[in-house]
Number of protein chains: 2
Amino acid sequence: MDAAKKVLPRLDESLLTHLPPFSKLDRRQIRTILDQASSRRYEVGAHIFEEEDPADRFFMLLDGYVRVVRVTQTGEQVTALHIPAGQLLGIAKAIGRETYPATAVTATESIALSWPTRLWDTFVTEYDGFATETYKTVGHRVGEMNTRIVELATQQVEQRVANALLRLINQTGRKVEDGIEIDFPITRQDLSELTATTLHTVSRLLSGWEKQGFIESKRKRIKVCDPHALVELGQG
Amino acid sequence: MDAAKKVLPRLDESLLTHLPPFSKLDRRQIRTILDQASSRRYEVGAHIFEEEDPADRFFMLLDGYVRVVRVTQTGEQVTALHIPAGQLLGIAKAIGRETYPATAVTATESIALSWPTRLWDTFVTEYDGFATETYKTVGHRVGEMNTRIVELATQQVEQRVANALLRLINQTGRKVEDGIEIDFPITRQDLSELTATTLHTVSRLLSGWEKQGFIESKRKRIKVCDPHALVELGQG
DNA sequence: TCTGCAATTTGCGCTGGAGCAAGGTTTGCT
DNA sequence: AGCAAACCTTGCTCCAGCGCAAATTGCAGA
């Protein structure tokens, strides 16, 4: 048994009991699921899986944040989604695929459980609520992608960046003194890949907003002080 | 029984037997499915269902083409997908949603069968291959949306329009004298909604390509004569 | 055949934001 | 402490493509 894959001698049931895909299951079922799982820690920037690779395993992110990115022929990166702890990822099987549709990169140090994809059908049929919840997850992500498309198609860069920031604080925001901070390190470059612009433009926008007191920002850290102002900007 | 909903006294089994979601089923099963279906004809431009409406029914497009569009607060339309005959649509339930995520507008006169959403679970559990095929459809559409996002994020207008045209002839092209024609009427406006640009720019591009002999185009009709040239343009 | 609307073309000016360049600041490593 | 790498800021220039305007063409219905 690979040391990197089995950091804990025995995974605790409380890891899963409160997570939606597993919340309807009893102790015994959770035990079975955990005994089949591999647990692994990932460094920041690690690739959990790569676009086009065969989808051997599916994952539950226990801790950390993951960016789902695609890389173009010319090497540009486009971020499709951010996934916070508590969600499934790499669930290619749920959408009838044999390969991963994108690359998953950790935005922070992260911990994930994973199972071989051959167990997928068992999970779906045996475990009450698992199918429903995963399809909800899919639906939610489809909705996000849709929104993304509409934004890219109709909004100005300023609006897109404002909206991206709002979405980030909604999904992964942490309440702090004087505002809400994005809970993981994020660079101007990351934000530009999320909003289809350049790091320069993002930098200019953030500088402007900081002058107006809407946000505060250090290197890799962004705190939103006046969400409402961003909402206004986001509308146009 | 509403005359508009039951145009045929009895639907023929051959309608469904060759379509992937139903191809593994026997005559008796198909019969049951058809007996529960409503069949309906839609004028061009008709809305089969609307974004945010409760997903009462799911559909199989038997004939025609459908555009899946979203409308922004400001009234702009963005086309997310084109769906050709033979595919399911309105399958909100497959992605755990209670409402339709977008509006479906017919691009030609069309015919679709539909079933009440309460039958969805029965279809998924009772009919062999139905679930697998529908999830493949979902996966395919997710892939397309992903591609769309990457294109919008990284490509120039010229490349996007070229790629959109190529995708249209792949999905819905009809081989004709001297080229491949898009099999349904499509305006410059439609193309601009598909590529997130303006009808003016699309018009300029198409005029240019026509001069160079890559395409021929009449009102609402586009024929691609030199697909390879468009592929080149699409790369950048 | 005529008439009116819808679709298309084309010209022109303007601007959002990309690209380029240079310099400043923070962090982590030795 | 000193250094290198990563990250951030800011100024300047330029142009793809949008917005506006006006003319033209094709189609459907009377």
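Is Lys220(B) buried or exposed? Lys220(B) is exposed, because 12 other C-beta atoms lie within 10 Å of its own and a residue with 12 or fewer counts as exposed. The model in which this residue is seen is a predicted one. Lys220(B) lies in the loop that links strand E11 (215–218) to strand E12 (221–224) of chain B. Its phi is near 65°, a positive value in a residue other than glycine.

**Positive phi in chain A**

Ala196(A) also is a residue other than glycine with a positive phi, here near 55°. Ala196(A) belongs to the loop between helix H6 (188–195) and H7 of chain A. Ala196(A) counts as buried, since it has 21 C-beta neighbours inside 10 Å and the cut-off for burial is 20 or more.

**Overall form of chain A**

Chain A contains 8 helices and 12 strands. Its C-alpha atoms occupy a box of roughly 55 × 40 × 30 Å along the principal axes. For 236 residues, a compact globule would have a radius of gyration near 18 Å, and the 19 Å of chain A agrees with this. Of the 236 residues, 42% count as buried. Among the contacts in chain A with a separation of 6 or more, 69% are between residues 24 or more positions apart.

**Strand pairing**

Strands of a sheet pair through backbone hydrogen bonds, in either a parallel or an antiparallel sense.

In chain A, strands E9 and E10 form a hairpin with 2 residues between them, and Asp178(A) in the turn has a positive phi of about 70°. E10(A) also pairs with E12(A). Glu181(A) has a bridge partner in each neighbour: Arg174(A) and Lys223(A) in E12(A). The pairings with a stated number of bridges are set out below.

| Strands | Sense | Bridges |
|---|---|---|
| E3(B), residues 57–63, and E6(B) | antiparallel | 2 bridges |
| E9(A), residues 173–176, and E10(A), residues 179–182 | antiparallel | 4 bridges |
| E10(A) and E12(A), residues 221–224 | antiparallel | 2 bridges |

**Relation of the two copies**

Chain B is superposed on chain A by a rotation of 180° with 0.0 Å of shift along its axis, at an RMSD of 0.0 Å. The two copies are therefore related as by a two-fold rotation axis. In chain B, the C-alpha nearest the axis belongs to Ile149(B), at 2.9 Å from it. The copies meet through the same surface, because 100% of the interface residues of chain B are also interface residues in chain A.

**Surface near DNA strand C**

DNA strand C is surrounded by 20 residues, the closest being Gln156(A), Thr201(A), Thr187(B), Ser203(B) and Ser207(B). By class, the residues of this surface divide into 3 nonpolar, 11 polar and 6 charged. Which elements supply at least two residues each? They are helix H5 (157–172) and helix H7 (199–211) of chain A, together with helix H6 (188–195) and helix H7 (199–211) of chain B. H7(B) provides the largest share, 6 residues.

Note on methods: Residues are numbered from 1 along each chain as its sequence is written. Chains are lettered from A and ligands numbered from 1 in the order in which they are written. This is a predicted model: local features need pLDDT of at least 70, side-chain atom pairs count only at pLDDT 80 or more; totals for chains, interfaces and linings use all residues. A residue is near a molecule or strand if its C-beta atom, placed from the backbone, lies within 6 Å of it. Ala, Val, Leu, Ile, Met, Phe, Trp, Tyr, Cys and Pro count as nonpolar, Asp, Glu, Lys and Arg as charged, and the others, Gly among them, as polar. Copies are superposed by least squares on the C-alpha atoms of residues with pLDDT of at least 70 in both. Two residues are in contact if their C-beta atoms, placed from the backbone, lie within 7 Å. Two strands pair if DSSP finds at least two bridges between them. The radius of gyration is taken over C-alpha atoms; the globule rule is 2.2 Å times the number of residues to the power 0.38.
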